Amino acid sequence: MSDTGKKTGMIAARTIMPRDKGAAPLDFVIAVMALLAALALGSSMIASRAAEGWQSGLSGRVTVQVLPPETGDVQAGLDAEVRSALSVLHATPGVAQVRVLSDGEIAALVEPWIGKSGVVAGIPLPRLIDATLAPGEAMDTAALQARLEAAAPHAVVDDHRRWMSRLQGLADTVRYAAYGILLLIAGATAAVVMLSTRAGLDAHHDMVALLHQMGARAGFIARNIEWHYFSSALLASLAGTVAAALLFTGIGSLAIVGVDAVPFLPPLSLTLSELAWLAAVPAVIAGIAWTTARLSVLSVVRAIY
Amino acid sequence: MVRFENVGMRYGSGPEVLRDVSFLLAQGSFTFLTGLSGAGKTTLLKLICLAEPPSRGLITLFGEELATARRGELPALRRRIGVVFQDFPLLSHLSAYDNVALPLRLAGKREADYHRDVRELLSWVGLGDRMTSKPATLSGGEQQRVAIARAVVARPDLLIADEPTGNVDPEMGAKLIRLFAELNRLGTTVLIATHDRMLVEETRGREIRLVEGQVMEMRQTAARSA
């Protein structure tokens with residue numbers, strides 16, 4: 001602002017439109033809608049990431065379970081069948097890595113069901129062999145099962161397909177639910193921004209008519225007014241989005257300080273690139289406000305002679 | 001400058017408030033529009049300042065026939081007209097200075113170019129110390145003077161005013177008429193609607209008298225002063 005402007009209260013062209021004192025509740029509503037939209041967007045990204053994580057965690061792997069024989073020396077029988085199964089697996093094309101889970105790892109797997117009471121110490125547990133397939137390799141489970149049965153009659157192959165399809169179904173449900181919620185909130189946000197913009201313009205109808213009557217072109221009036229709504233919607237929605245980003249970051253910090261997330265669920269925090277996606281929320285909201293204001297002003301001006 | 005040919009005007013399906021109005025305002029003329037309340041003065045002024053289209057008849061403004069003018073040409077025509085009107089309020093959130101400067105800003109001028117003019121004009125209408133005041137803190141007469149300053153600041157080709165001296169004391173009224181006369185001397189065509197017979201009789205110019213929406217009389221006024 002120029003010195004002369006300061007002396008006289010002269011203001012920049014963009015502020016011909018008054019900044020309403022009563023606009024604070026509308027700004028608050030836009031901020032809340034932006035918060036909800038950013039939470040929905042973040043949640044849909046988390047759900048999507050979780051679905052991919054579950055799938056990639058289980059695909060490309062085969063677990064062979066060797067059950068203890070019912071008769072004879074159980075431990076020696078188990079060891080012999082594990083060795084035979086390992087030989088079969090090593091000889092199977094496409095298998096990149098084979099690893100027998102230790103007793104401790106097996107005990108940890110059953111712990112959620114029977115606890116640490118030591119009651120299983122004397123009970124022979126099945127042995128688990130984790131086979132990792134080479135990237136891009138597919139496994140003919142039936143053929144492997146047939147070869148294993150010949151070498152180790154108590155070996156059972158599990159390619160996780162049943163578990164994975166259920167998990168995939170759950171992940172898809174979560175993902176599509178998140179997309180649905182995101183869509184609903186985006187629609188509601190757009191409606192609120194449009195309604196508030198139109199309500200504000202109704203209040204300034206006389207001013208629009210006066211500027212028009214003084215010879216202002218529709219574009220000049222629209223520029224002043226759309227800037228007003230664009231800037232206030234941008235600020236309000238930025239505030240809401242930043243709050244959502246802080247919330248996601250805060251949840252991420254809980255894991256760091258030792259508050260564990262729920263087992264099987266993905267971490268509820270966002271990565272940096274996912275956080276960057278949240279910037280789309282204020283951009284879209286400000287864009288809606290800008291477009292609504294412009295179209296409304298142009299329609300008001302066109303309705304005047 | 002302004003030509004009306006058989007112009008008629010009605011609002012919606014109501015009665016005609018102007019009927020077969022024909023007259024010519026020559027460039028550089030100074031004209032009073034008189035008539036009783038309800039005679040159609042304000043409606044006629046609204047037609048001239050392009051606030052309303054006529055129901056019938058032809059209006060020619062600055063050589064442009066309005067019936068055939070493109071919509072995009074109207075803003076430029078409006079900017080050539082200074083208007084002092086009750087329906088033409090000040091913008092309440094802008095200072096007196098900014099209200100007066102508005103036509104210049106709409107014309108795309110920079111503040112550095114018009115700052116001195118706006119200050120001088122506000123001082124001339126007695127508001128040199130109220131430049132930063134908002135309209136709500138100004139009296140009715142002061143608001144009227146700001147509106148007049150806004151109407152004349154861009155030195156319009158045509159100035160139309162509806163009872164411009166109605167809210168000011170006689171001394172300021174005479175001063176404002178001198179301002180209009182000075183603008184007229186510099187080439188602005190002036191049309192003033194008024195009830196003030198003394199003002200009409202004391203100022204050099206022409207009078208168009210409206211009666212029930214029709215032009216009853218057009219005459220030259222006495223010229224004791226101007």
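Reader: Where in chain B is B:Thr165 found?
Author: Happy to start there, with a reminder that this is a predicted model, where local features need pLDDT of at least 70, side-chain atom pairs count only at pLDDT 80 or more, and totals for chains, interfaces and linings use all residues. Residues are numbered from 1 along each chain as its sequence is written, chains are lettered from A and ligands numbered from 1 in the order in which they are written, and side-chain values use heavy atoms, leaving out hydrogens and water. Helices (H or I, at least four residues) and strands (E, at least two) are DSSP runs, numbered from the N terminus. B:Thr165 sits in the loop between β7 (158–162) and α6 (170–185) of chain B.

Reader: Is B:Thr165 buried or exposed?
Author: Buried means under 20% relative accessible area, exposed over 50%, and partly exposed in between (1.4 Å probe, protein chains only). Contact means heavy atoms within 4.5 Å, and beyond its neighbours within four places in sequence, B:Thr165 touches B:Gln144, B:Gly173, B:Ile177 and B:Leu199. Because its relative accessibility is 14%, B:Thr165 counts as buried.

Reader: Which strands are at the edges of the sheet in chain B?
Author: Two strands pair if DSSP finds at least two bridges between them. In chain B, six strands form an open sheet with mixed pairing, in the order β6-β7-β8-β3-β9-β10. Each edge strand pairs on one side only, and these are β6 (81–84) and β10 (214–220) of chain B.

Reader: How do α5(B) and α6(B) pack, roughly parallel or roughly antiparallel?
Author: Axes are lines fitted to C-alpha atoms, for helices over the stretch in contact, and angles run from 0 to 180 degrees between N-to-C directions. Angles under 35 degrees count as roughly parallel, over 145 as roughly antiparallel, 65 to 115 as roughly perpendicular and the rest as oblique. The axes of α5(B) and α6(B) are 12 Å apart, at an angle of about 5°. Therefore α5(B) is, relative to α6(B), roughly parallel.

Reader: And which residues of α5(B) meet α6(B)?
Author: On the α6(B) side are B:Met172, B:Leu176, B:Leu179, B:Phe180 and B:Leu183. Those from α5(B) are B:Arg145, B:Ile148 and B:Val152.
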